[in-house]
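Hello,

Here is the structure I promised to pass on to you. Have a look at it first, and then read my notes below.

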Amino acid sequence: MAYQLRPYQQEAVEKTLAHFRKSNHSAVIVLPTGSGKSLVIAELARLARKKILVVTHVKELVEQNHEKYESFGLKASIYSAGLKQKSLAHQVTFASVQSLGQNLDALNDEYSLVIIDECHRVSGDDNSQYQKLISHIKGKNSELKVLGLTATPYRLGLGFIYRFHYHGFVRGDENAPFEHCIYELPLRYMIKHQYLTPPKLINAAITHYDFDSLSKDAFGRFSERDLNQLLQENQRATKAIINQVLELSDSCQGVMIFASTIQHAQEIIEYLPKTQSALVIGDTHNAERDAIIRRFKAKDIKYLVNVSVLTTGFDAPHVDFIAILRPTESVSLYQQIVGRGLRLAEGKTECLVIDYAANGFDLFHPEVGSVKPNSDSEPVQVLCPGCGFANTFWGKTDSDGKVIEHFGRRCQGILEDEGHSEQCDFRFRYKECEQCGAQNDIAARHCHQCHQPIVDPDDKLRDALNLKNALVLRVSGMQLEAHNQRLKVTYHDEDGADVSEYFSLSSDKASFYFKRQFLCVGVTSKIDFSNPNSIVTHQSLLKVPDFVVAKRDKGKHKVVERIFDYQGQFRKAHELR
């Protein structure tokens, strides 16, 4: 059976071929869930002249990609313990990374291409299964090409999985597992051109869970114990939510409910019609899980509840209601969840999406490369003074839409020189090396130029806390007063302590120093930094240090250190204790 690629699928294939003709650098294609990545994979596999591997992390995707490929009259092997097949006989093999990772010695042939589906699962860790697999195959062929496909090219806590974007900007850092994004198609395009079903996003007007009171780990995740305790206290809310789901789903074909924990899912299933509902969790036996999924796809059951599964490798086009009852800080996971309901199906005109956990992601503009600093931040455009590139950072604007502050660190522009790409070195925020004066990222531990250690702000705070004559303020506010040609700055601690210092602004050097320290990044203002009254008038344009260290000198505390843009182990003011 012949197959016809959609225009964007053909373009993705052509971009891949063009990239690998001139480079061996790893590449990523970004296509929304439901866009037919398996067709792109099938066409690339068909065009390959040497042996290739198509690898992913779940057996369902291995099976789906293999079935799609063979449905066009092509033959391929499967290497997956979960599918009870381990063959590398054909030119094309569809495999699970776990099965290959445990049998690297079986890969004796030379492979020209590795395609990784759901490649956002790949990390930069050399000891990860994917990296060990790639390293082993490169041992047979140093010219190996590596291509990843995903709908969500970022990982929670790590950011973008690729370094350079083909539009000419930098996304990830030096540790990103892929080098180049060579093709990307936005979700809005797919919906506009009727390749995907429009999501109908509505607010959970009846009730929703308040997960904001729970503490998170370094990656923004909640503990299962804390989740269960909160949900146990909100059983009435859960019942009300499910009653609304039942009411709104009366005319729906398939409903997927994403629960927070196993205990939560077991409660939810009790409120649903027993003959029309089923539950799938990580511990569900494979045979039982497969049977449930078959019944759901056949529409024998209407409500499918799951916990942390069925977000990838699950294809049920008739799903037209997504109910999210779990919190997540991962925009990637959120998009994968919603994507379960966006595939086209006969008689389906929209997919209802209700987020009862109030996660608050914008489905169409989900990511700008870093964690949103606070609730009133928004994407803003900031021109680089060095190369002129128009960066997109989190920031704040005034009532006229003018940027008053942004949180960008380094310009994301790419400088091209005779085929070589490198990131613009202009830094909006930086640590200055005390040894050589070079500008470094605010999280750097060693100077990139002289390689000397940069003093960790946590070390500064610990040292100060151990001194009897030192005062460390967790700054919650800053007050300015004009005193002739001097400016008095008073820092207020959240516990009521305060300390003041004076800045003489009579010389150009002094006013420049104050401006460099306190003016919000990205702000262009008409403040006269030689005039204390002008500074007081425009105080809203100044940034406040997160910590101030003062030492007692002749009976008074004298400020010796101001720590801005703090990122470390100590809690800042206004953060939960």
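Let me start with a pocket. The second largest pocket has a lining of 48 residues, and Arg-429, Tyr-430, Arg-516, Gln-517 and Lys-543 are the ones nearest its centre. By pocket I mean an open set of points, on a 1 Å grid over the protein atoms alone, where a 1.4 Å probe fits and protein lies on both sides within 12 Å along at least five of seven lines; lining residues have an atom within 4 Å of a point. The space in this second largest pocket comes to about 1600 Å³, a volume being what is filled by probe spheres set on the points, with grid points joined across faces, edges and corners. Its lining divides into 26 nonpolar, 9 polar and 13 charged residues. Here Ala, Val, Leu, Ile, Met, Phe, Trp, Tyr, Cys and Pro count as nonpolar, Asp, Glu, Lys and Arg as charged, and the others, Gly among them, as polar. At least two lining residues come from each of β19 (378-383), β24 (431-432), α12 (457-465), α13 (508-518) and β30 (556-563). These labels follow DSSP runs numbered from the N terminus: helices are H or I with at least four residues, strands are E with at least two.

A word on the ground rules. This is a predicted model, in which local features need pLDDT of at least 70 and side-chain atom pairs count only at pLDDT 80 or more, while totals for chains, interfaces and linings use all residues. Residues are numbered from 1 along each chain as its sequence is written, and side-chain values use heavy atoms, with hydrogens and water left out.

β19 also belongs to an open antiparallel sheet of 3 strands, ordered β19-β20-β21; strands pair if DSSP finds at least two bridges between them. Both β19 and β21 (403-406) are edge strands with a single partner, so one side of each has no neighbour in the sheet. β19 pairs with β20 (residues 390-397) over 6 bridges in the antiparallel sense. Gln-381 has Thr-392 of β20 as its bridge partner, and Val-382 stands opposite Asn-391. The two strands β19 and β20 form a hairpin with 6 residues between them, where Gly-388 in the turn has a positive phi of about 85°.

There is also an open sheet of 6 strands with parallel pairing, in the order β13-β18-β17-β14-β16-β15. Its edge strands are β13 (199-202) and β15 (277-280). β15 pairs with β16 (residues 303-306) over 4 parallel bridges, and Ala-278 has Leu-304 in β16 as its bridge partner. Helix α9 (residues 262-270) packs on this sheet, touching β14 (254-258), β15 and β16, and its direction makes about 175° with that of β15. Contact means heavy atoms within 4.5 Å; angles run from 0 to 180 degrees between N-to-C directions, and axes are lines fitted to C-alpha atoms, for helices over the stretch in contact.

Finally, α9 has a helix partner. The axes of α7 (residues 224-232) and α9 come within 9 Å and cross at roughly 30°. That makes α7 roughly parallel to α9, a label for angles under 35 degrees.

Best wishes

Note on methods. Parallel < 35°, antiparallel > 145°, perpendicular 65-115°, else oblique.
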